[in-house]
Amino acid sequence: MIYAPCVKAPQEIVAPHGRLGVLLVGLGAVSTTFIAGVHALRKNLAAPIGTLSQMGTIRLGKRTEGRTPLIRDFVPLASLDDLVFGGWDIFDDDCYEAARTAGVLEPTMLDRVRPELESVRPWPAVFDQEYVKRLNGPNVKSGANKRELADQVTDDIRRFKETNQLDRLVLVWCGSTEIFMEESPVHQTLAAFEEGLERSDPAIPSSMIYAYAAISEGIPYANAAPNLSADIPALVELAGKTGSPLAGKDLKTGQTLIKTIVAPGLKARLLGVSGWFSTNILGNRDGEVLDDPESFKTKEESKKSVLDYILQPDLYPTLYNDLHHVVRINYYPPRGDNKEGWDNIDLFGWLGHPMQLKINFLCRDSVLAAPIVLDLVLFLDLAKRAGMTGIQEWLSFYFKSPVHAQGIYPEHDLFIQLMKLKNTLRYLRGEELITHLGLEYYDYWDTGLSDRSWAVFINGMIVGVLPTSPFVLHAGFSG
Ligand SMILES: NC(=O)c1ccc[n+]([C@@H]2O[C@H](COP(=O)([O-])OP(=O)(O)OC[C@H]3O[C@@H](n4cnc5c(N)ncnc54)[C@H](O)[C@@H]3O)[C@@H](O)[C@H]2O)c1
């Protein structure tokens, strides 16, 4: 077992020289909103709202030190000007056309970055309708077996790297949600997986083929969707060999983001919850894919696990054992990407008194997702340059179903996740981890000023003298 010390020598982090290639599987609503947003930021058309990497700060040292730099000034992240985009889709529309189809950003905004978007045209995809029933398109690769398809993806990646003279790469799966699958024998070891590619094992869906190709090249890989993809022992094993950082699954954006904000608050106050009913209407392509029960099952599993882990009914059976948690997604075309979610929470308090909380969130899913994709790209590239390999649990902050080591439960509480993320950055830079214990601000030292008086130190400075022991004073107050 390895125990991390609180403070360590700064990690050797390779500087982000050169250009960073961003590979996206699926140029749909999330990807195009992300790419258009990065170009808009480069042209100073907007502020980077929603990104921790660009707007977030990090406190260093004691509260009295006043050191709170921007995260991007604290750790060496790639510059937005150095990002180059490429990707695959089953439709061959360029990124401008795809963004217009997705209908998330206003045409006036898209037109201001039109040439940049038009320059990204997707390569033919690895796709099999067996895994996404409600989708089909013409821009698809063919190959004798799944190994050949993986090789074609590798060729695309290498060509993109060479043509654009890229220094490094990151790949994010922003493709549609695949059908629900559980781990099977072919997923257990790298040898079994590679043998499965040769005989086109049906337990290897398209997303795993992309993941295998990227991880084989040592490229960091993130999964924005809930399907298994790289979250199998075989690909974690491969990542260990090639030095790929991994993150996933399923971006934590609308309703689940709110759930992981509200639920820790209810638990913190020991308020019981007997029911949590969540429903959505949504009319984009993602909604259409999720209208298929097999893809919805993958999403449902991802969305439902959150409350169990946050509320811990095993530790608080009186409060959460009888919780009815229902999640519905309804495909409703008139709304397009303008999702609307309703949550009804039945809770109870002192003497079992029942109460209700209603949340109506009119969110733009892809507007919430795009800044997350940017953070993931930049932090995964940082992880790679810092020599961090395999599952990056500190990026759980961004996901509904965080990937995690075997034998531990995933951390879903947004605030614990944020603390973990920031402490990882402090750790990388050799800064003291912040535990929020804070006792040092209240240290009393006997200075021997007299046998009855005590000096009060705050942060090493005497800020006052007490006429008697603080413990006597405390006893007096509490008495
Ligand atoms: N929008 C959000 O906030 C959000 C939040 C969490 C998770 N997600 C997940 O992220 C994914 C993308 O969401 P979206 O809203 O952009 O969906 P979308 O339907 O707009 O885009 C997905 C794109 O992927 C393409 N695609 C599907 N399979 C492919 C394959 N094998 N290879 C290449 N391209 C493929 C589709 O043609 C489509 O253009 C979905 O799985 C969704 O569930 C989205």
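A backbone N or O atom of Asp365 sits 2.9 Å from an oxygen atom of the ligand, which makes it a polar contact (a pair of N or O atoms within 3.5 Å; within protein, one must be able to donate a hydrogen and the other to accept it, and residues adjacent in sequence count only if both atoms are side-chain atoms). Of the ligand's own 830 Å² of accessible area, the protein covers 98% (Shrake-Rupley method, 1.4 Å probe).

A word on ground rules. This is a predicted model, where local features need pLDDT of at least 70 and side-chain atom pairs count only at pLDDT 80 or more, while totals for chains, interfaces and linings use all residues. Residues are numbered from 1 along each chain as its sequence is written, and side-chain values use heavy atoms, with hydrogens and water left out.

Now the shell around the ligand. There are 32 residues around the ligand, and Ala29, Val30, Asp89, Val126 and Gly175 come nearest; a residue counts as near if one of its heavy atoms lies within 4 Å. Which helices supply at least two residues each to this shell? They are helix 1 (29–42), helix 9 (206–216), helix 12 (285–290) and helix 15 (365–385), with helices being DSSP runs of H or I, at least four residues, and strands runs of E, at least two, numbered from the N terminus. Helix 15 gives the most, with three residues.

Two of these helices also pack against each other. Helix 1 and helix 15 meet at about 70 degrees, their axes 8 Å apart (axes are lines fitted to C-alpha atoms over the stretch in contact, and angles run from 0 to 180 degrees between N-to-C directions). They are therefore roughly perpendicular, a label for angles of 65 to 115 degrees.

Finally, the backbone. Most residues other than glycine have a negative phi, and most peptide bonds are trans. Gln165, in the loop between helix 7 (146–163) and strand 3 (168–173), has a positive phi near 50 degrees. A cis peptide bond joins Gly248 and Lys249, with omega about -10 degrees; Lys249 is in the loop between strand 5 (245–247) and helix 11 (255–268).

Definitions and conventions: Parallel < 35°, antiparallel > 145°, perpendicular 65-115°, else oblique.
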